[in-house]
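The notes are grouped by topic.

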Amino acid sequence: MLHKTLITYVFFIISILFINFILVLKVPDILGYATDVKVSDLLTYTNALREKNGLSDLTLNDELSKAAKAKAADMFKDDYWAHTSPSGKEPWDFITGSGYDYIFAGENLAVDFSRSKDVVDAWNNSPSHRDNLLSSKYDEIGFAVVDGELQGRKTTLIVQMFGYQRQQNTVAALPPAVKKENPKPVEVPVAVPVDVPVPAVEVVPVIGSVLSTMSVMNASRYIALILGIFITAFISLDWFYVKRTGNLRISGNTFFHILLLLLAILGIWYTNIGLVL
Amino acid sequence: MKKKSHSLVVFIQYSVLVISMSVASLFFQKTADNFSRFYILVGLSLLYILWGIWHHGYTERLDKLVLFEYSLVSAIVILLSALGLGIIRFF
């Protein structure tokens, strides 16, 4: 009797795996891939955080966004997740490559997030990323939110680049426009570069808080996994004991309870929660 | 004849559950968005309660405790999914 039941349950598991396998083969990418992370929301949440801390808003800069996109594309192309590429490319190489002549620059990275607010919250919860978010040295920002395949799985990379341009140290003093009846040729002052002492280029490293950030971000996931495995083991033991002693009791289908829990555990195991770097 | 028809219905019931679980796991693999994944598991959990009512109602073993059992298992799955997929977090 026990063997017959066991064979039935094994049949159910094999059926699920088989149907799933066939469906995966026959229905490729029906859902596509999408997250709710948007550049406009990232900018709004970043500036809201700065305002809350008494800092001025950052302006979205096209060149910094271009640099961020280039960085994300490079990470997908060379399949890495780091501030420095395997070939030794630094974030600053992408920034200067986009034509942004900076005095100060910084970079924050994130992966596997579904919501813009979660990304900014995660950066805010990491001291070094927070330093970038709340630095008064920056006045411009660029973002890239790019979908792709990294290390064998589909994901969304989020690159945030901060900057303060060298060109901003030029003064453009134009006279107010006055309408004259007999205009005489006037000497119009043009934008003059002003020599200001340029501080050394500041590289803002954000490596170093990676491990602690990862463990904090994944705390809930580990708790769920431990709890799930514990409950599943408990129900399985109870099921085994009832079967072995031949006790009769009115209950639901324990096998499918365990199967449902196992599906959830596998799903959690399979899923990555957002990380920042 | 009646017994044969009963077995067929029970077979269909189990097939519905097996196919639902397979399709849910397919959708789970085909989406990478944690919210969508959470909704898939919530949907599967709710479907599981309905299946429990259908199956136990048909086999005349539906009881308040059985209903509670299915609801509890589904609630545990939803809670684990919310925690494990980062919908709610301990920061």
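**Interface of chain B and chain A**

In this predicted model, 43 residues of chain B are in contact with 48 residues of chain A. The area buried between the two chains is about 4,200 Å², and carbon and sulfur atoms give 71% of that area.

- Helix 1 (2-30), helix 2 (34-58) and helix 3 (64-84) of chain B each supply at least two residues of the side that touches chain A.
- Helix 1 of chain B gives the largest share of that side, with 13 residues.
- By class, the side of chain B that touches chain A has 27 nonpolar, nine polar and seven charged residues.
- Four residue pairs are in polar contact across the interface of chain B and chain A, with both residues at pLDDT 80 or more.

**Helix 8 of chain A**

- Helix 8 of chain A covers residues 219-245; its 27 residues should span 39 Å at 1.5 Å a residue, and its end C-alpha atoms are 39 Å apart, which agrees.
- The buried residues of helix 8 of chain A include Arg221(A), Leu225(A), Ile231(A), Ile235(A), Trp239(A) and Val242(A).
- Ser220(A), Gly228(A) and Thr232(A) are also among the buried residues of helix 8 of chain A.

**Helix 9 of chain A**

- Helix 9 of chain A (residues 254-270) reaches 24 Å from its first C-alpha to its last, close to the 24 Å expected for its 17 residues at 1.5 Å a residue.
- Twelve of the 17 residues of helix 9 of chain A are buried, so this helix is largely enclosed by the rest of the structure.
- Among them are Phe255(A), Phe256(A), His257(A), Leu261(A) and Gly267(A).

**Salt bridges**

- Five salt bridges are found in the whole structure, over all chains.
- Glu107(A) and Lys71(A) form a salt bridge through their side chains (3.2 Å, N to O).
- Glu107(A) lies in strand 2 (residues 102-111) and Lys71(A) in helix 3 (residues 62-78) of chain A, so this pair ties together parts that are 36 residues apart in sequence.
- Both Glu107(A) and Lys71(A) are buried.
- Lys89(A) and Asp74(A) meet in a salt bridge (4.0 Å, N to O).
- Lys89(A) is in the loop between helix 3 and helix 4 (91-97) of chain A and Asp74(A) is in helix 3 of chain A, so the pair ties together parts that are 15 residues apart in sequence.
- Lys89(A) is partly exposed at 37% relative accessible area, whereas Asp74(A) counts as buried at 6%.
- Lys77(A) and Asp78(A) meet in a salt bridge (3.5 Å, N to O).
- Lys77(A) is exposed at 64% relative accessible area, and Asp78(A) is partly exposed at 31%.

Key: Residues are numbered from 1 along each chain as its sequence is written. Chains are lettered from A and ligands numbered from 1 in the order in which they are written. This is a predicted model: local features need pLDDT of at least 70, side-chain atom pairs count only at pLDDT 80 or more; totals for chains, interfaces and linings use all residues. Side-chain values use heavy atoms; hydrogens and water are left out. Contact means heavy atoms within 4.5 Å. Buried area is the accessible area (1.4 Å probe) that two parts lose on being put together, summed over both. A polar contact is a pair of N or O atoms within 3.5 Å; within protein, one must be able to donate a hydrogen and the other to accept it, and residues adjacent in sequence count only if both atoms are side-chain atoms. Helices (H or I, at least four residues) and strands (E, at least two) are DSSP runs, numbered from the N terminus. Ala, Val, Leu, Ile, Met, Phe, Trp, Tyr, Cys and Pro count as nonpolar, Asp, Glu, Lys and Arg as charged, and the others, Gly among them, as polar. The expected span of a helix is 1.5 Å times one less than its number of residues. Buried means under 20% relative accessible area, exposed over 50%, partly exposed in between (1.4 Å probe, protein chains only).
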